[in-house]
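Keep the sequence and the structure at hand.

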Amino acid sequence: MKKIFIPLEKISKQNRTLLILVWIVLLIVLWFAGTAGEKHLFPNPAQVAKGFSDLYNEGLVTHIFHSLQLCFISISLAIIVSLFFAYLWPVPVMKPVSEFITKLRFLPFTGLSYYITLLISDARDMQIWILVIFLTTFLTTSLIAVIRDIPQEEFDHAKTLKCSRFETLVQVVILGRLDYVIDVIRQNLAITWMLIVTVESIVVASGGLGFLIKNSDKFMNHGRIIALQIIILLIGLGLDYGINFLRKALFRFSKI
């Protein structure tokens, strides 16, 4: 029991699960206790349950499908573009271009989206390309960091095997780091999922979870807002778990 209060102490998997359950129970108790009176800032469990019911009746499943579809299309296009720039980063002539892409992640979201709306009229395409542009900057940054961290010994090993420069690029940088690429995608998926809600709340014509949040916020329906936050969190955690499971299944001997 004392171990759980000692920094850097390792505990068993069973105790870790027990601790998580205790914290969840405490959180629920605090929720009920903190929202028991007539006046409370946070919606009580009954209001959130009603929010779930109302959302379901208004086509929640369809909106979730729209958001997931937008997520997968955007992340797929962003992965293709990011891999292109990241794998060309070791080539001297393309290095400035790839590094320039990474600097664009500091651009404000609203300013760039204004110009995209001028170029693209379809609401769905607009959402997709806003996400692709922003995701590409973050993904390219993470992928280049993975390539930078490749130990020199792996390049030396390829030289001893008489590999050419292009063979080294393929074997060490591309094939040798596929498991890292999946992990980078998993990490950036959280950014994607967060941005999707923002983009859908800006361009509301195509629906989605962001559209539902904006509508709930407009009418100050806090029960629905918290219900949507719980749904978004659970879907995000599910996607994260799914990609991590896929990485471990495909690369059983991965070191990450």
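Q: How are helix 9 and helix 11 oriented to each other?
A: In this predicted model, helix 9 and helix 11 pack with their axes 10 Å apart. The angle is about 170 degrees. Angles over 145 degrees count as roughly antiparallel. Helix 9 and helix 11 are therefore roughly antiparallel.

Q: How many charged residues are in the contact of helix 9 with helix 11?
A: Helix 9 brings Asp179, Ile182, Asp183, Arg186, Leu189, Trp193 and Val197 to this contact. Among the residues they meet in helix 11 are Asp240, Ile243, Asn244 and Arg247. By class, the contact has nine nonpolar and two polar residues, and the charged ones number five.

Q: Is Arg186 buried or exposed?
A: Arg186 is found in helix 9. The relative accessible area of Arg186 is 18%. The cut-off for buried is under 20%, so Arg186 is buried.

Q: What does Arg186 touch, not counting residues up to four places away in sequence?
A: Arg186 belongs to the helix 9 side of the contact with helix 11. The C-alpha atoms of Arg186 and Leu239 are separated by 8.2 Å. These two residues are 53 residues apart along the chain. Leaving out residues up to four places away in sequence, Arg186 touches Asp240, Ile243 and Asn244.

Q: Is the crossing of helix 3 and helix 9 right-handed or left-handed?
A: The two helices pack at about 135 degrees. The crossing of helix 3 and helix 9 is right-handed.

Q: How many nonpolar residues are in the contact of helix 3 with helix 9?
A: Helix 3 supplies His66, Ser67, Leu68, Leu70, Cys71, Ile75, Ile79, Leu83 and Tyr87. From helix 9 come Leu178, Val181, Ile185, Leu189, Thr192, Trp193, Ile196 and Glu200. By class, three residues are polar and one is charged, while the nonpolar ones number 13.

Q: Which residues does Ile185 touch, not counting residues up to four places away in sequence?
A: Ile185 is found in helix 9. Ile185 is buried, with a relative accessible area of 17%. The C-alpha atoms of Ile185 and Ile75 are 8.3 Å apart, although the residues are 110 residues apart along the chain. Beyond residues up to four places away in sequence, Ile185 touches Ile75, Ile79 and Leu139.

Q: Which residues touch the most other members of the largest nonpolar core?
A: In soluble globular proteins, nonpolar side chains tend to be buried together. The largest nonpolar core here has 53 residues. Helix 6 gives the most to this core, with 13 residues. The residues that touch the most other members are Leu60, Trp193 and Leu209.

Q: Which residues does Leu209 touch, not counting residues up to four places away in sequence?
A: Leu209 is one of the residues that touch the most other members of the largest nonpolar core. Leaving out residues up to four places away in sequence, Leu209 touches Leu60, His63, Ile64, Ser67, Trp193, Glu200, Leu228, Ile232 and Ile235.

Q: Is Phe85 buried or exposed?
A: Phe85 lies in helix 3. Not counting residues up to four places away in sequence, Phe85 touches Val97, Ser98, Ile101 and Thr140. The C-alpha atoms of Phe85 and Val97 are separated by 7.8 Å. At 15% relative accessibility, Phe85 counts as buried.

Q: What is the phi of Lys162?
A: Most residues other than glycine have a negative phi. Lys162 lies in the loop between helix 7 and helix 8. Lys162 is exposed, with a relative accessible area of 73%. Although Lys162 is not a glycine, its phi is positive, at about 65 degrees.

Q: Is Met220 buried or exposed?
A: Met220 is found in the loop between helix 10 and helix 11. Met220 has a positive phi of about 55 degrees. The relative accessible area of Met220 is 54%. Exposed means over 50%, so Met220 is exposed.

Note on methods: Residues numbered from 1 in each chain as written. Predicted model: local features only at pLDDT ≥ 70, side-chain atom pairs only at ≥ 80, totals over all residues. Heavy atoms only, no water. Axes fitted to C-alpha atoms, helices over the stretch in contact; angles between N-to-C directions. Helix = DSSP H or I, 4+ residues; strand = E, 2+ residues; numbered from the N terminus. Left-handed = near helix turned anticlockwise from the far one by under 90°. Contact = heavy atoms within 4.5 Å. Nonpolar A, V, L, I, M, F, W, Y, C, P; charged D, E, K, R; others polar. Core = buried A, V, L, I, M, F, W, Y, C linked by side-chain atoms within 4.5 Å. Buried < 20%, exposed > 50% of the residue type's maximum accessible area, 1.4 Å probe, protein only. Parallel < 35°, antiparallel > 145°, perpendicular 65-115°, else oblique.
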